[in-house]
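Thanks for coming. I have one structure to go through today, and I will keep it short.

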Amino acid sequence: MAQGTLDFSPPKTTWIDQVRYYMPTILIAIIVLGLWELLVWMFNIQQFLLPKPSAIIIEVVRETYLATSGESILFQAAGATAWSAVGGFVVGSTLGILVALMTARWTIVSEALLPLAIAANSVPIIAFAPIMNNWFGLTNPASKIAIVSIIVFFPVMINTVRGLTLVDPMQLELMRSYAAKPFKILFALRIPNALPFVFSALRVTSSLSVIGAVVGEFFGGPRATLGVLITQEASGFNFARAWAAISMAALIGISFYLLVLLAERRLMPWHSSLRESA
Amino acid sequence: MDVTVETKSVSSAAKPVVIAARGLFKVFTPSDNEAVTALQNVNLDIHAGEFISLIGPSGCGKSTLLRLIADLTTASQGDLMVNGKSPHKARLDRDYGMVFQAATLYDWRSVLQNVQLPLEIMGYSKKDRDNRAHQMLELVELSKFANHFPWQLSGGMQQRVSIARALAFEPSILLMDEPFGALDEFTRERMNMELLRIWERTGITVIFVTHSISEAVFLSSRIVVMSPRPGRITQVIDNDVPYPRAFETREMPQFFEKVTIVRELLREAHEAL
C-alpha cells in the first residue's frame, strides 16, 4: 500500500443509485399488492375474509383527510399506541442498561442474575398483559408501558452484560499495562465494546415493543388505541378499517426500527456492518 | 571479534541496570494437569538503552518472561527488579510501554485518539495529549492518517499506531511481544527498519520477543536464546553487527555468522530434548 495515495472516502451515491438499489424491493411490493387486488376481485373473496388493498388504502386516505380536522380515530389510535410502545421501549431499555452496568461492576451479581434473566427472557412475557392491565388500570397507558418495558428489559439487559464482559483479553491487558482504574476501563473499553451488543438488542426490541403495545391493547384499553380499534372494527365487520389499523401498526413498527438503525449508524460509525463501502 | 565483544559488554555494563532477574521461576499448575515449568532459574541483566531479543521455539517461556516484567503475571520464585523496583511498582509508575502481537487498537477511536488513550488515562492535559500524539504519529510517519479509523489501515500501519501509542507517554522501557509476527516478510523488514530508527532516536530500552532468527539478529544488541521444557536461557549472545543497520546489513558476512550461531544454538537445544 502506497502511503497517502489511498482514498478512503465512500463512493459517491446519487439518488439514481438509491432508486436503483431499492427498485427491486419496491417492484415486488407493487406486484404483491396488485396480485392481492386481482385475486380478491377474480375469486370474489368476501371483504370480511380479505379486503382489497385499494379498500384499505381508501380507508387510510379518508382518515388522513379527517385527521386534518382532528377527527380521525385511526390516527389518534396510532399516536396512542406509538407512545405506549416508545414509552415502554425507553423505560425498559434504560432499566436494562442500568441494571447491566451495575451487574458488570459486581461480577458476582451478574453471574447470579444472568441465568435468571435468560430464563425470564424465554417466558412469553406478553401473557402478563392482563395482569398489568389489572395493576395499572385498563385505560391507563401505564399498563401498556409496563408490559412493553418488561418485554424490552430482558434482551437489552442480557446483551448489555455480554457486551460489557466479552472484552478481548489483550485489550484488558493493555489497560492493565497502563495501570488504568476500573472506572476508566468501564468507560474507555467496556462500554464502547458493549455498544454493538446493545444496539442489536435495541433493533430486535424496537419491533417487539410495538407488538407488545398492540397485544396489550387486545386485552382492553382506551378506544383510541390500535389494539382496541382492530378488535372492535373486526367484530363490527368493518374489515377495511381493521386492516387500516393493522397497516398503521406495521408502519409504526417499521419506522421505529429504522429510527434505531439510524441512531446506531450515528453513534457507531466504526461498526463492521457499516464498512462495506470501504 | 573477542575484543569488540569485550568493549561492547563493558560499555553496556557501565549503563544502569534496567531489568535484573535472579533465579526466576514460573510454574503453571493447570487444575487437570501436572505442573508446567514455564521458566526455570532465569538470571538476566538488561542495561539502559539495550535492544534485547528473546528468541526460542514456542513454550520456551519468552513471552512469560516478558509478561513477568510487565507485571501481567507473577513469578513463582526468584527476584525480578524493573528500574530498581518491583514489577508491580514499575507498572503503577508506567515505566514501560507494551506492544502486543495484535495491534489491539480500539475500533471506535481514530488513529489520533488511539495514540492519546494512555495519555487520557494518565491524566495529561488536552494540549499535551494533542501535542504528544501528533509527535508520535510523526515519529511512525502516519501523520496523514491521524483522522482515519483503525480498520482503514493495513496491518503494518496498525502496528505502527500501536508503537506510537506505547511510546506516547515516554516510558523508559518498550516491551514487544512478537509484534510483527502477523505481517508479511516485506512489511516486516520495513517495520524492523522503522523500529531501529525509533530506538536510535529515543534511546529507549527495548525487549523484543520473536521466533524469527533473522529479525533477532537484525534488530538486537544482545540476543537471549531460550529453550523449552523447562523454559530457560540457553545463552546470551552479544551482537556485534555494526549499527546503524540498513537493508544491506542482511547481506553482510557478520550478519550470516550471527544467524548461524543462533540457529545452531536453537538446534542443539532442540536435539537435547
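Predicted model: local features only at pLDDT ≥ 70, side-chain atom pairs only at ≥ 80, totals over all residues.

Domains first. Chain A splits into domain 1, residues 12-45, and domain 2, residues 65-274. Taken over C-alpha atoms, the centres of domain 1 and domain 2 of chain A are 30 Å apart.

Next, where the chains touch. Chain A puts 19 residues into the contact, and chain B puts in 22 residues. On the chain B side, two elements give two or more residues: helix H3, 87-92, and helix H4, 111-121. The largest share comes from H4(B), with three residues. Sorted by class, the chain B side holds 14 nonpolar, four polar and four charged residues.

Now the helix pair, which is within chain B. Helix H6 covers residues 155-167 and helix H7 covers residues 185-202. How do the two axes run relative to each other? They come within 11 Å and cross at roughly 15°. Angles under 35 degrees count as roughly parallel, so H6(B) is roughly parallel to H7(B). The crossing of H6(B) past H7(B) is right-handed.

As for the residues involved, H6(B) brings Gly156(B), Gln159(B), Arg160(B) and Leu167(B). Facing them from H7(B) are Thr187(B), Met191(B), Glu194(B) and Thr202(B). By class, this helix contact has four polar residues, two nonpolar and two charged.

To recap the two contacts: the chain B side that touches chain A includes 14 nonpolar residues, while the contact of H6(B) with H7(B) includes two. That is what I have.

Key
Residues numbered from 1 in each chain as written. Chains lettered and ligands numbered in written order. Domains from an automatic or database assignment. Axes fitted to C-alpha atoms, helices over the stretch in contact; angles between N-to-C directions. Helix = DSSP H or I, 4+ residues; strand = E, 2+ residues; numbered from the N terminus. Parallel < 35°, antiparallel > 145°, perpendicular 65-115°, else oblique. Left-handed = near helix turned anticlockwise from the far one by under 90°. Contact = placed C-beta atoms within 7 Å. Nonpolar A, V, L, I, M, F, W, Y, C, P; charged D, E, K, R; others polar.
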